[in-house]
Amino acid sequence: MKLFAVIMVLIAGTMWAGTGLAAQDFFRKSTLDSMDLTVFRMFSAGFIMFSVSLIKGKWKPGIREIRKRPLLLPSLVFYGIVGLMLMHYTYFASIAAGNAAAATVIQYTCPAIVILWVSLKGRKWPAGGELLAVVLAIAGVFLLVTGCDFHRISVPAECVYLGLASAVFFAVCAVYPKHLMGALDNSFILAIGMFTGALSAWFIDPVTDFTGFFERDVLFDSFWIVICGTVVAFTCYNAGLHYLSESQASVTATVEPAVSVIASLFLFNVRFDWVQAVGILLVILAIAAPTLWRKDSRSAGRRNGS
């Protein structure tokens, strides 16, 4: 069963990597921009998660809980706008400014940002594996962006800034909704978050014609971003997470930047020199570092105990 769970999480990571690649292809073929795509994806995902919440019988209990605890609603709105909407927009904008591989790798500095935030909040140094993750992530992004040449930037600056912003908002999504999950079902939280995020994006960019998302050239991209990158990915990830610990799932999450880089090479002929490749590898290692460090520490402890 654990093998099945690992496969499910790997499928989810591959689907999410495909979302970045589909977005890159979408921007190459369409005149629609990053905010347009954010509105479309979030409204579509909101309807899907609303349907899931209804089917699970969690929608009405969620509404009742908000009526009993009105302060939950502002928290959901904050999560939808500052977390989900800004994460989606900055990620898509980073792809549009550069490419899916670079944007995805930079976004996956998120675990290091979470570690720093938790350490600052708790006023304590990160544990050994966590500190290693931060160092690896910083070094990896530096090598990816500069190619170890201080006088040039190998990745477009806008792609870097937006990718780092996406990592920050990704960290908000990882940390902020934890207090909501004790009171509300995850499908309900995502439905409200997606809808509020979509509405805020729509007020910024009032898209009225969605036919551009269904044109023949980009139809597959739209399908992948909404169905594969949302419905299939979250379903597979949650199915896998049911049988895996969060730390085990986090190691398998390294598949997303890896798949994005490899697929970009074959689909878009995006190439990185060997120094940038080392940087990408360091970021991928940074994702798994805390878990692998803990495993090594436990193994060493057992050997010493014996």
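Reply: Leu282 has a relative accessibility of 17% and therefore counts as buried (under 20% relative accessible area; over 50% would be exposed and anything in between partly exposed, with a 1.4 Å probe and protein chains only). The model is a predicted one, in which local features need pLDDT of at least 70 and side-chain atom pairs count only at pLDDT 80 or more, while totals for chains, interfaces and linings use all residues. Residues are numbered from 1 along each chain as its sequence is written, and side-chain values use heavy atoms, leaving out hydrogens and water.

Leu282 sits in helix α14; helices here are DSSP runs of H or I with at least four residues, strands are runs of E with at least two, and both are numbered from the N terminus. Setting aside neighbours within four places in sequence, Leu282 is in contact with Leu136, Ala139, Gly140 and Leu143, contact meaning heavy atoms within 4.5 Å. Leu136 is 146 residues away from Leu282 along the chain, yet their C-alpha atoms are separated by 5.4 Å.

Gly279 belongs to α14 too, which covers residues 274-305. With 0% relative accessibility, Gly279 is classed as buried. Not counting residues up to four places away in sequence, Gly279 touches Gly140, Leu143 and Leu144.

Next, the cores. A nonpolar core is a set of buried Ala, Val, Leu, Ile, Met, Phe, Trp, Tyr and Cys residues joined through side-chain atoms within 4.5 Å. The largest has 57 residues, and Leu37, Leu76, Phe92 and Ile95 have the most contacts inside it. Two or more residues of this core come from each of α1 (2-29), α2, α3 (59-68), α4, α5 (100-107), α8 (157-175), α10 (186-204) and α11 (219-241). Beyond its neighbours within four places in sequence, Leu37 is in contact with Ala23, Phe26, Phe27, Phe92, Phe213 and Ile225.

Two helix pairs show the packing. The axes of α2 (residues 34-56) and α4 (residues 72-97) come within 9 Å and cross at roughly 135°; axes are lines fitted to C-alpha atoms, for helices over the stretch in contact, and angles run from 0 to 180 degrees between N-to-C directions. The two helices are therefore oblique to each other, since under 35 degrees counts as roughly parallel, over 145 as roughly antiparallel, 65 to 115 as roughly perpendicular and the rest as oblique. Ser34, Met35, Leu37, Thr38, Arg41 and Met42 of α2 make the contact with Gly80, Leu84, Met85, His88, Tyr89, Phe92, Ala93 and Ala96 of α4. By class, nine of the residues are nonpolar, four polar and one charged (Ala, Val, Leu, Ile, Met, Phe, Trp, Tyr, Cys and Pro are nonpolar, Asp, Glu, Lys and Arg charged, and the others, Gly among them, polar).

The second pair is α3 and α10, whose axes lie 9 Å apart at an angle of about 70°. That angle makes α3 roughly perpendicular to α10. Here Trp59, Gly62, Ile63 and Ile66 of α3 meet Phe188, Ala191 and Ile192 of α10. The residues of this contact comprise six nonpolar, one polar and no charged.
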